[in-house]
Each structure stands twice: as structure tokens, then as C-alpha cells.
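I opened this notebook to record a look at charged side-chain contacts. The entries follow the order in which I looked them up.

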Amino acid sequence: MSEQPWPPEARQFDFWLGNWALTWGEDQHGVNAITSIMDGRVILENFSALPQSPFVGMSVSVYNAALGKWQQTWVDNNASYLDFVGEYRDGQMILQRTARQNGAEFLQRMVWYNIEADALDWNWERSDDGGATWRTLWHIHYTRTT
């Protein structure tokens, strides 16, 4: 199998690589280890809210050159499976998906923003009006540890 050239867009998630201390809410914290695997073509996330919460999860992200978009799959110890698609634009990485609950369809998205070398912010957001407005359900601040 011949290897396809690696487009520059495939490096857009490199800002997330590393080990991070996370804070959210009132004195909640966790860690996130983000690594590049499979010859640098896949981003692997390992999230943990331990020890205050048993919540752990992981994701894999890839740049799909045919779509010109990033794709991410998330799984966790609550048996969640979430799939996202999105892109890096205007200094933000935004991945979103359509979800359904009790027969109602809505949008969910993750937004990485305020991206600096040693810190960034991340929001988990929901829209019930097709993306016209968004409300933040979970805000996490990242501080790089390595």
C-alpha cells in the first residue's frame, strides 16, 4: 500500500499533544494525556477525573483528507460512544455531532480555544436550535505539565 502525503491540516491538533492538568467547576480536577500514535497519524487521548470521580475516557482523532475534516471517536466507562466531525478555524478546533434524546434531536460540540503553548480552554456545548445558539455545559481549563 502506498502512503499518501500528509497534508499540513493533519498537524492542526498538535497543540493538544502533551500532558495536562485540568480544572473545572468548583475545585474539580483531572488529567489528560494526549499522544501521537500510528506514525503520527492518530491522536490518542486518555482522560481521567480520578481520584475525586471514577470517570475515565479516551478518544482517537484523525484528519480525514478526503473530507477535509477532523473526526473523533470518544468512549468512556459510562459506556458512552460519541462520534464527532469538525475543523480548525479562526484559532479554534470545533468538533460536533447530532444527538438524540427522548425523541428530540440536538447538537453537541467541543470547542478548544484560547490556545497557547502551555494552556487552553475547552467547552462541551449544546444547541437545541440547530446551532443558532449554544450553551456551555462543561468548561475545562488545561494547563500543560509536560
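With which residue does E125 form a salt bridge? I found R109 as the partner, with the closest N and O atoms 2.5 Å apart. I took a salt bridge to be a side-chain nitrogen of Lys or Arg within 4 Å of a carboxyl oxygen of Asp or Glu.

I noted that the model is predicted, that local features need pLDDT of at least 70 and side-chain atom pairs pLDDT 80 or more, while totals for chains, interfaces and linings use all residues. Residues are numbered from 1 along each chain as its sequence is written, and side-chain values use heavy atoms, with hydrogens and water left out.

Strands here are DSSP runs of E with at least two residues, numbered from the N terminus. Both E125 and R109 are buried, where buried means under 20% relative accessible area, exposed over 50% and partly exposed in between (1.4 Å probe, protein chains only).

I next looked up D118, which forms a salt bridge with R144 at 3.5 Å between the closest N and O atoms. D118 lies in the loop between β8 and β9 and R144 in strand β10 (residues 135-144), so this pair ties together parts 26 residues apart in sequence. D118 counts as partly exposed at 48% relative accessibility, and R144 as partly exposed at 24%.

I also recorded that K69, E87 and R89 are joined into one network by salt bridges that share partners. The structure holds nine salt bridges.

Note on methods:
Helix = DSSP H or I, 4+ residues; strand = E, 2+ residues; numbered from the N terminus.
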